[in-house]
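Subject: Structure for you, with notes

Hello,

Here is the structure I promised to pass on. My notes follow below it.

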Amino acid sequence: WEKLTKPEAVEQSWKMQQEVINKQRDRFKFEFKMKHKDGHWVDILSRAEAVFDDSGKAIRIVGTHVDISERQRSAKELEKSELLFRKMIEHMPDGVAIYQPIENSNDFIFLEVNKHAEIITNTTNKELIGCTLLQKFPNMINSPLLKALLKVRETGESLYLPPFYYKDKEREGWRENNIYKLPSGEIVAIFTDVTEVFQISEK
């Protein structure tokens, strides 16, 4: 196997095996690349531990090698998809907020907001991330938005929320929302400030 593995990985593997033999660690878990018989490189996950005799001497190393190439490719594709998703969100002309529902509670934690969301809500990313909707906007307690978020969380169905009026000490205006539930459970609200539209219609 040493001839099929890169030298630095061989060195690291032997080092970890010696630590197991010398009882400096119980077991080891190590990822490295090994050359396939067809010539391409395969991602391997190696797990191993030592077997000792009654005197405490290591008599063998027992372990497994698992081909994790597909898992690694999937992880890279997911990372790429998430990066594209984040770029798309950041450049959207509307506000975007991604929420994590709080279990057994009628509230939602901000996971991410884009620049337009900061402008519309007169806040910053740092102010919102990790806080809940009601912590930052307590007047939302009886708003259509909270009810809509709860409904989407429960049903999983997308929902259009017509413009509603919100006001507190730092902001006010009409907001229009489209709300979705991601397969992973997070709730996404894409919202627009339509205050100017209502002001024009009232003139």
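Some ground rules come next. This is a predicted model, with local features taken at pLDDT of at least 70, side-chain atom pairs counted only at pLDDT 80 or more, and totals for chains, interfaces and linings using all residues. Residues are numbered from 1 along each chain as its sequence is written, and side-chain values use heavy atoms, with hydrogens and water left out.

Strands

Helices (H or I, at least four residues) and strands (E, at least two) are DSSP runs numbered from the N terminus. Two strands pair if DSSP finds at least two bridges between them. Strand 1 (residues 27-35) and strand 2 (residues 41-52) run antiparallel, joined by nine bridges. Phe 30 has Ser 46 in strand 2 as its bridge partner. Five residues separate the two strands of this hairpin, and Gly 39 in the turn has a positive phi of about 105°.

Strand 2 also pairs with strand 3 (residues 58-67), antiparallel over nine bridges. That hairpin has five residues between the strands, and Gly 56 takes a positive phi near 90°.

Aromatic rings

The rings of Phe, Tyr and Trp (its six-membered ring) pair if their centres lie within 6.5 Å; planes under 30 degrees apart count as stacked, over 60 as edge-to-face and the rest as tilted. The whole structure has six aromatic pairs. Tyr 99 and Phe 110 make a tilted pair, because their ring centres are 4.9 Å apart and their planes stand at 45°. Tyr 99 is in strand 4 (residues 95-101) and Phe 110 in strand 5 (residues 108-113), so the pair ties together parts 11 residues apart in sequence. Both Tyr 99 and Phe 110 are buried. Buried means under 20% relative accessible area, exposed over 50%, and partly exposed in between (1.4 Å probe, protein chains only).

Phe 137 and Tyr 166 pair edge-to-face, at 6.3 Å centre to centre and 85° between the planes. Phe 137 sits in the loop between helix 5 (133-136) and helix 6 (144-155), and Tyr 166 in strand 6 (residues 159-167), 29 residues apart. Phe 137 and Tyr 166 are buried too. One aromatic cluster takes in Tyr 99, Phe 108, Phe 110, Phe 137 and Tyr 166.

Charges over rings

A charge sits over a ring if NZ of Lys or CZ of Arg is within 6 Å of the ring centre and within 35 degrees of the ring normal. Lys 6 lies over the face of Trp 41, 5.1 Å from the ring centre. Lys 23 lies over Phe 52, at 4.7 Å.

Cavity

On a 1 Å grid over the protein atoms alone, a cavity is a set of points where a 1.4 Å probe fits but cannot get out; lining residues have an atom within 4 Å of a point. Grid points are joined across faces, edges and corners, and a volume is the space filled by probe spheres set on the points. There is one cavity of 30 Å³ or more. The largest cavity holds about 190 Å³. Its lining has 18 residues, and the closest to the centre are Thr 121, Phe 137, Met 140, Leu 145 and Phe 191. Helix 3 gives the largest share of that lining, three residues.

Best wishes

Note on methods:
1 Å grid on protein atoms, 1.4 Å probe; cavity = no way out; pocket = protein on both sides within 12 Å on 5 of 7 lines; lining within 4 Å.
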